[in-house]
Every structure is written in structure tokens, then in C-alpha cells.
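Visitor: I would like a close look at one part of this model. Please take me through it step by step.

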Amino acid sequence: MEICDFNAIDSVSLLSGVTEVVAPLVRLVAGRSSNPASDWGLYYYMLARAGRTGDPVGFMRELILADVNPMSVNRDGALTGELSRELKILRALAMTTAKDIPSLKSHLDELPSVSVAGAPEFRAEEFVSDWKQNGYGVFRQSVAFLWDGSAKCLRPVRYVTPIKMSDLKEYEEERARIYDNTVCFVEGLPANNVLLYGDRGTGKSSTVHAVLNALSNRGLKLIELSKYAIRDLSEIAGLLPQNMRFLLFIDDLSFESRSDDYAELKAALEGSVSRSSNMLIYATTNRRHLLKETHSDREGDDLHAGDTIQEQLSLSDRFGLTVTFMTPSKKEFFSILCGILADRGVTLPPDELSLLAERWALSRGGRSPRAAKQLADILESRIKRGLDYKDAL
């Protein structure tokens, strides 16, 4: 691109959102700046804030990938040629330095310097592939999001727990069923909403996060919402791009017996929301039937109490796949503890470790993978500090 060829700059349409972001540079290159030194300062500030004063082409690449435009949203093959043309223009724009702009040549010694190093060409197919895997706009900022019910928007999660499937011990069959179901979903095959039911601390939530981390490189995203946000499901569905895959994750799901929210969830599981091919509902619970039921509920004044109770208890049946995580046995608990310690390179005499494991389980009110991890944390810390691990409890 020739410097000051503003006709080329003004012809950018698909990626016009990017040119709006770097408007100061566009004004300079197009010869329309009323205050060239100020516009260059504004452009330099953008690069400095992003830590890109030595890599303006990389900065431009990030702007393009984050842009919401017809190509990033729809990935229409008919627009590939136009995308290639505009990418070439924007890359040339990013290669511009102060000395390339006539209106700045008399001020070069007074202006902050931008270093332009060699950078790869912008290829349309690479951008399209990135949009397919990582999304665009807010959806590329993270693989996980929180639903802000008051603002009615998605908030990217800056730090996602990096737990892997291999970090979780025992429950291989349970995790395999959930993973396989999610793979089908990512590949566009029929898949089910999933209810992970079981005792506390058995790794239900960790399993969902591990599955997300295993499949995020294939475009899977997760949206975590509270049970109180169930009534917002239709609004959430309306925000999600059809060409991406989302797990709507509800942790520790349960309802009071007289709550009407369970009806909203039932509608979502079998109604219009659940038929959307781009989202599934994954929920964890300690209650098999999800509703807290009392004797007074069965003795109420409902003329058809039996029908009401059956309607409430049928909620869990609406999940196509229910996976149960039960409290581990003594042997399984010890196996989980040994596996965690082995991953961390910590080796202890089996007999002594077995006694510590049982004492710890008793003090915690039972065995669970969570309790095993907590004990592993204590043992590892004491050993690395040179303390006697036998005094850990």
C-alpha cells in the first residue's frame, strides 16, 4: 500500500471496526490529520498500553482477531477474497512508521519511536481458523464466562483453573461418559444435557472444568451461572453465536420445594432452548431429585398432590445423561491420595501414608477426592519445608 493512499484505507468495509480503533493512524496515512503530532501520540499510546511499540503488526493482528465483523461471525466463504484484500491493506497500515508520513517528517526527533520488525503476511485462512477455534469479540477473551444477571451480559473469566483429566483420580468410567458426550457435542453430533449427581467433594465440578480444558482447543466454551439465573436462559441463548459450542454450567443445583424456578429449567431442558445445537446444560447436585422435599409437602392441600410430586421429581429425568459420583471406599481413597502425591513427585511409606489417610478422613467427616487433595497439599508443603510429615494432623 502506498503511504497516503487514502482511497485504499477508505475502501475497508469488512474490517471497518479495526480502522475505527486506529483512527489516529488512518487520519495520518490518509492525509486528513489536523494535528499530526497529536495523532501520532495517540497511536503510540495505543501500542504502549498493549506493550506493542516494537510489534505494531502483532497489535493489528490482535485487533482484527477481536473484531466483530461479517467474516468472523459467519465465516462466509464468499467473502474470503475481500477479507484477503483488506488484510493486506491493514498489514501495510501497521507497517507505517513516523518517517513514512510526510506531515511528520519535520518532527521526527520530537516523536516517540515505533519499531517495525519483519512480520508474517496476514492470510485469510489463518484468521478464519482462529475465529473458528477461539471465537471473536468477548468470546475470544476466555474459554469461560460468568453470567452477570444484573447487567444481562457475559463476563470473561480471567483465570480458568488449569485442571486436566489426568489430575483427577479414580472415577474413570464416570468421567469418560461425560467426556464422550461432550466430544459428540463439539463435533456437532447428538448429545445430552448432563446431571452430575453425588456426594460432596467427589470431583463433579472439577470434572466439568477438566473436560472444558481438554476440549477448549476445539472451540468449546463454558458459561457458569447460578440457579437464580435460570430464568435468564432464553436471554443467554440469544447472545450465543450459532457456530460456537457452549456448556451452560450450574454448580450445586437444587430448589426449594415451592420454588417455580424448576419449571423454567424443565422448559429449557426440553423446550426451545435445549433444541439449540450450540449449547448444552451441565449441572452438579447433591440431591438426586434436585428439589428439597418435606413431609409437609406430601401432606399439603393440593387436590392432586401425587401429580405435583411426580412433576417435581421428574426434573432430574429431563437430563439425558445422569452420572453418579459416590463416596470412595477406603481403598479408592488411598489410591486417589497416592495418585495425587505421585504426580507431585512425593513418595511416602505406604503403611504410614495409609494411617495418615484414615486419620485425615475421620477428621474430615468422611472420604472424598477433595479431602485427599487437601491432605496431599499439607503433606507436600511439610516435606518441602523440611518438617515431619507425621505431625501433619
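Visitor: Take tyrosine 136. Is tyrosine 136 buried or exposed, and what is its relative accessible area?

Guide: A caution to begin with: this is a predicted model. Tyrosine 136 has a relative accessible area of 8%. The cut-off for buried is under 20%, so tyrosine 136 counts as buried.

Now its surroundings. The whole structure holds seven aromatic pairs. One of them joins tyrosine 136 to phenylalanine 139. That pair is edge-to-face, with 6.2 Å centre to centre and 80° between the planes. Phenylalanine 139 is buried too, at 7% relative accessibility. Phenylalanine 139 also pairs with phenylalanine 145. Again the geometry is edge-to-face: 5.9 Å between centres and 70° between planes. Both phenylalanine 139 and phenylalanine 145 are buried.

Strand β1 covers residues 144–148. β1 pairs with β2 in the antiparallel sense, over four bridges. Tryptophan 147 has leucine 154, in β2, as its bridge partner. The open sheet has seven strands, in the order β2-β1-β4-β5-β6-β3-β7, with mixed pairing. From one strand to the next, the twist averages 25°.

Helix α10 (residues 204–215) packs on this sheet. The strands it touches include β1, β4 (220–224) and β5 (245–250). The direction of α10 makes about 145° with that of β4.

Note on methods: Residues are numbered from 1 along each chain as its sequence is written. This is a predicted model: local features need pLDDT of at least 70, side-chain atom pairs count only at pLDDT 80 or more; totals for chains, interfaces and linings use all residues. Side-chain values use heavy atoms; hydrogens and water are left out. Rings of Phe, Tyr and Trp (its six-membered ring) pair if their centres lie within 6.5 Å; planes under 30 degrees apart count as stacked, over 60 as edge-to-face and the rest as tilted. Buried means under 20% relative accessible area, exposed over 50%, partly exposed in between (1.4 Å probe, protein chains only). Two strands pair if DSSP finds at least two bridges between them. Helices (H or I, at least four residues) and strands (E, at least two) are DSSP runs, numbered from the N terminus. Axes are lines fitted to C-alpha atoms, for helices over the stretch in contact, and angles run from 0 to 180 degrees between N-to-C directions. Contact means heavy atoms within 4.5 Å.
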